[in-house]
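Please read this note alongside the sequence and the coordinates.

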Amino acid sequence: MSQDVESKVKAIIVDKLGVDESEVVAEANFTNDLGADSLDTVELIMEFEKEFDLSIPDEDAENIATVGDAVTYLTGKLS
Amino acid sequence: MSTRRVVVTGIGAFTPIGKSAPDFWNGLVSGKNGVRNVEHFDTSNFATKFAAQIEDYEPTDYFDRKEARRLDKVAQYALIASEEAIKDSKLDLEKINKDEVAVLVGTGIGGMETFYEQSVSFHEHGPRGVSPFFIPMLIPDIVSGQISIRYGFRGPNFCAVSACATGSHNIGLAYDSIRYGQSDYALAGGTEAPVTRIGISGFNSMKAMSTRNDSPETASRPFDKDRDGFVLGEGAGIFMLESLDSALERGARIYGEIKGYGFSADAYHITAPDPDGNGVTLAMSRAMESAGIKPEDVDHINMHGTSTPLGDVAETNTIKKVFGDHAKNINLNSTKSMHGHTLGAAGAIESIATLLAIYHGTVPPTINIENQDPECDLNYTANESVVRDVKYALNNAFGFGGHNSTLVFKKYQD
């Protein structure tokens, strides 16, 4: 399951941020490492919601700063 | 108040008949046709299945993947044409004061495909389905904003929006910005990307567009008696403007001079032209008055000439009224016959055609005139370009809402 979540999350990040897949590692920070601005991060959260058919409250979204954060959070919500 | 002479020193054109200004010019004088079937979506239920389109356009040929996704085509076209205009002007961006560069590049509609896609996403996913980039990709002023961000230009930055007169109005305002010394340089023009599902549907519902699906390449036929509406087009046209003194000091190539403009309203109907042409009469008269010229001085007019049954007759009659006997001596044309009606870009793309006609001493043709309408009885430079020394030329642009703009261009002489 988590493998599946991880590959889907990475695919979304590669598509939306236009970065190379090799850069999308667990510790990569959306803003500092992957060049996302405030609108990009909002879009990423919305894409995760669409992809996994769930809703991510703003207070949770504030704590999702890295690729690993996203995978851990989504895996938890889906289990 | 003393004013400065304003010249054009850079041109960028991204059009259905040429993806650079030199290619556009070659297309114009050779009567190139930019109209073909729309293939990027299914047109089987559409009344019109064709448009004048930029050939083989691939956003990632010009932008990285992320940029391409964050820019509606309306901004992409303008950025491509701006880059060309800046390079063509040979301005050294490292040496100039970028705080003094104005950008006035408009669109009549804005990010039309973005609006469509996000509306669909709203219907599928609700409010949370609408992208945070929806608004900044949609708004018409984002085009000037994106250009300023890319180059660091911090001068006056906005756009006039007047449907199909947009490009023309923005050039007029930029001319003032240079003329009155508010800016050292100005990028000015228009852009549009309306070849979309809702774009074609909307114009079809108005019965404004040609439905000549059996022969798209002959559909844009201004002044021909069998014309049945305009042909939608897309693209961008950009001028780099500066004062004559600035251009001479840095040894810039001068394409020609802008001498004035006339703005007016029809105050008649939201889409139909005033058959008496009162608003257009005012626009052309004010333009000539501001340039300090008489009707007899005008050699060439690039007309609005959209290939609609009403519009071409009304504009012809107005030219006869304003220019009297001299009207028959003018080489008129409508280059929309080749590149279609590019809406908010039209006034800019066609101003480029007008200025290059002066620069090269050749008036491009109106193509597809097979049987000239007896009610359109002037010289429209039918089907073949004409070599002619052009000293003064006008460009007409009229927009839904009844907005009229006429610009005056002059051959550069000391």
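Predicted model: local features only at pLDDT ≥ 70, side-chain atom pairs only at ≥ 80, totals over all residues.

1. The contact between the two chains draws on 18 residues of chain A and 13 residues of chain B. Together, chain B and chain A bury about 1,200 Å², with 45% of that area on carbon and sulfur atoms. Of the area that chain B buries against chain A, 46% comes from Lys66(B), Arg128(B) and Pro132(B), more than from any other three residues.

2. The interface of chain B and chain A holds five salt bridges. One of the residues named above, Lys66(B), forms a salt bridge with Asp40(A), and their closest N and O atoms are 3.1 Å apart. Eight residue pairs are in polar contact across the interface of chain B and chain A, both residues of each pair being at pLDDT 80 or more.

3. On the side of chain B that touches chain A, helix H2 (65-70) and helix H4 (112-125) of chain B each supply at least two residues. H2(B) gives the most to this side, with four residues.

4. Ser131(B) lies in the loop between H4 and helix H5 (134-138) of chain B. Is Ser131(B) buried or exposed? Ser131(B) counts as buried because its relative accessibility is 14%, under the 20% cut-off. Leaving aside neighbours within four places in sequence, Ser131(B) is in contact with Gln118(B) and, from chain A, with Glu43(A) and Met46(A). A polar atom of the Ser131(B) side chain lies 2.8 Å from the backbone nitrogen of Phe133(B). Glu117(B) is 14 residues away from Ser131(B) along the chain, and the C-alpha atoms of the two are separated by 9.8 Å.

5. Strand E13 (residues 403-410) of chain B is largely enclosed by the rest of the structure, because seven of its eight residues are buried. Strand E7 (residues 256-265) of chain B runs antiparallel to E13(B) and is joined to it by eight bridges. Within this pairing, Phe263(B) stands opposite Ser405(B).

6. Strand E12 (residues 392-399) of chain B is also antiparallel to E13(B), with eight bridges joining the two. Asn395(B) has Leu407(B) in E13(B) as its bridge partner. E12(B) and E13(B) form a hairpin with three residues between them. In the turn, Gly401(B) has a positive phi of about 105°.

Conventions
Residues numbered from 1 in each chain as written. Chains lettered and ligands numbered in written order. Heavy atoms only, no water. Contact = heavy atoms within 4.5 Å. Buried area = accessible area lost by both parts, 1.4 Å probe. Salt bridge = Lys/Arg side-chain N within 4 Å of Asp/Glu carboxyl O. Polar contact = N/O pair within 3.5 Å; in protein donor to acceptor, adjacent residues only side chain to side chain. Buried < 20%, exposed > 50% of the residue type's maximum accessible area, 1.4 Å probe, protein only. Pairing = 2+ DSSP bridges.
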